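Student: I have a model open and want to understand how its side chains pack. Can we go through it in short steps?

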Amino acid sequence: MTFENLNLIEPILHAIKNEGYTEPTPIQEQAIPVLLKGKDLMGSAQTGTGKTAAFAIPILQLLYGQPLPSAGKRQIKALIVTPTRELAIQISESFAAYGKYTGLRHTVIYGGVSQNAQTTALRNGVDILVATPGRLLDLIDQRFVTLQNIQFFVLDEADRMLDMGFIHDVKKIIGRLPLKRQSLFFSATMPPEIKKLAASILVDPIKVDIVPVVATSNLIKQSLYFVDKPDKKSLLIHLLQDKSIETALIFTRTKHGADKVSRDLMRAGINAAAIHGNKSQVARQSALNNFKNKRTRVLVATDIASRGIDVEQLSHVINYEIPNIPETYIHRIGRTGRAGLDGVALSFCDAEEKEYLKDIYKLLAKSIPVIADHPFPMRNSTHSGPVVQPRPFNGSRNRPAKSEFVASSRGRAIR
Ligand code: AMP
């Protein structure tokens, strides 16, 4: 399957080529044709599957086919609502990339910053609006935004909206949308309340169910270090002496832990920053930008703060602590090995965390190779899993042509 097979228009094909995509991901292959036909969609898919392009491309194509107003400013015809500022910015960047040659205008609005630049962009007129729920309602109330011309509505990460307490805001927004519209609904999980919400938004939707299968892929090289808790810091500093580790996203279970690890690294002369829920939006965004631009080599994050972080070419993920929920392990390591690049996932396991490993092995249906030969081995320990010799990461991160798209039992996902 190629993008040409999806009947995309030239300006979009050109932009996709610029991005270096050679073929659609499974969610794109499944969603783009039905969306181009005007159907509603319910997607069980998370960040990392290529879902942003799966909804952005057909929206851009359908809007491109419509005449521009001969007089007056452009009206908002597509609305994408997403829970966090980070996601909103990423989605907006995707519209910029895929829509580069369409002449369509978009903007992004989110809270935690002054509204002035946002209202100026809105006053100039846009076709596509990406928004977080609170700021959107604020600007609707102040009459900077009207939803009466919306033809396309995307609700992104619905389950996370529920977690973050945004569900009432979302319901208010839905209440202001025109009834005649095309709706797309995405959620990584489908608890009953989310299913109910989906049913209230969608009409006869096509369902697309994409499961990330990163963990079973060979493109992410996983290794495990058994180490006593007090030695984790020294092991981390030791491993980061390897200069071939260009970028590393380190996971801790707590906000306090993230701050501490980042401080320890800074003291050891390693350029690091922490990102978690206690930091302001501005501080989080600037830490993320510095990391993406490779000004910061190491970002230490909690799971919640990291969700939705999409860093292309992230070479290493390090689990400083083993997560107690096995799916979290898969989500974490899936941050590397994006878009067909290979990646390395290292995990530090202390005595207390061994029981979490069992659940992870069950989910992976395999164990993780153990690196036994390191300077801080666990005392009084026998470990499970195959033992391998450490091999330095060679730094060459190739983009394989086709093998990045792998099948799973419930669907297929980009890795
Ligand atoms: P998303 O799930 O939308 O967050 O996308 C995950 C990553 O995959 C982003 O970095 C995209 O740039 C990348 N991506 C999306 N579609 C493709 C594709 N067809 N081929 C290669 N990379 C892609």
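Predicted model: local features only at pLDDT ≥ 70, side-chain atom pairs only at ≥ 80, totals over all residues.

Tutor: The largest nonpolar core has 40 residues, and Leu8, Phe55 and Phe95 have the most contacts inside it.

Student: Which helix gives the most to this core?

Tutor: Several elements each supply at least two residues, including helix H1 (10-19), helix H2 (26-36), H3 and helix H4 (85-98). The top contributor gives eight residues, and that is H3.

Student: Is Phe55 buried or exposed?

Tutor: Phe55 touches Leu35, Ile80, Ile91, Phe95, Val154, Leu184 and Phe186, leaving aside residues up to four places away in sequence. Its relative accessibility is 1%. Buried means under 20%. Phe55 therefore counts as buried.

Student: How many aromatic pairs are there?

Tutor: Rings pair if their centres lie within 6.5 Å. By this rule, the count of aromatic pairs is five.

Student: What is the geometry of the pair Phe55 and Phe186?

Tutor: The ring centres of Phe55 and Phe186 are 5.5 Å apart, and the planes are at 40°. Planes under 30 degrees apart count as stacked, over 60 as edge-to-face and the rest as tilted. So the pair of Phe55 and Phe186 is tilted.

Student: How many residues apart in sequence are the parts that this pair ties together?

Tutor: Phe55 lies in helix H3 (residues 51-64). Phe186 lies in strand S6 (residues 182-186), and at 1% relative accessibility Phe186 counts as buried. The pair therefore ties together parts whose separation in sequence is 131 residues.

Student: Which residues do ring pairs link into a cluster?

Tutor: Phe55 has both Phe95 and Phe186 among its contacts. Ring pairs link a cluster made of Phe55, Phe95 and Phe186.

Student: What is the geometry of the pair Tyr320 and Phe348?

Tutor: The rings of Tyr320 and Phe348 have planes at 50° and centres 6.0 Å apart. With that angle, the pair of Tyr320 and Phe348 is therefore tilted.

Student: Where do Tyr320 and Phe348 lie in the chain?

Tutor: Both residues are buried. They are 28 residues apart, and the pair links distant parts of the chain. Tyr320 is in the loop between strand S12 (316-319) and helix H14 (326-333), and Phe348 is in strand S13 (residues 343-349).

Student: Which charged end sits over the ring of Phe226?

Tutor: The ring of Tyr320 has the charged end of Lys232 over it, 6.0 Å from its centre. Over the ring of Phe226, 5.3 Å from its centre, sits the charged end of Lys354.

Student: Which backbone nitrogen lies 3.1 Å from a polar atom of the side chain of Ser187?

Tutor: Ser187 has its place in the loop between S6 and helix H9 (192-201). At 0% relative accessibility, Ser187 counts as buried. Its contacts include Gly43, Ser44, Ala158 and Asp159, not counting residues up to four places away in sequence. The backbone nitrogen at 3.1 Å belongs to Asp159.

Student: Is Asn7 buried or exposed?

Tutor: Asn7 sits in the segment before H1. It has a positive phi of about 60° although it is not a glycine. With 61% relative accessibility, Asn7 counts as exposed.

Student: What is the phi of Arg143?

Tutor: Arg143 is in the loop between helix H6 (133-141) and S5. At 76% relative accessibility, Arg143 counts as exposed. Arg143 is not a glycine, yet its phi is positive, at about 65°.

Key. Residues numbered from 1 in each chain as written. Heavy atoms only, no water. Helix = DSSP H or I, 4+ residues; strand = E, 2+ residues; numbered from the N terminus. Buried < 20%, exposed > 50% of the residue type's maximum accessible area, 1.4 Å probe, protein only. Lys NZ or Arg CZ within 6 Å of the ring centre and 35° of its normal. Polar contact = N/O pair within 3.5 Å; in protein donor to acceptor, adjacent residues only side chain to side chain. Contact = heavy atoms within 4.5 Å. Core = buried A, V, L, I, M, F, W, Y, C linked by side-chain atoms within 4.5 Å.
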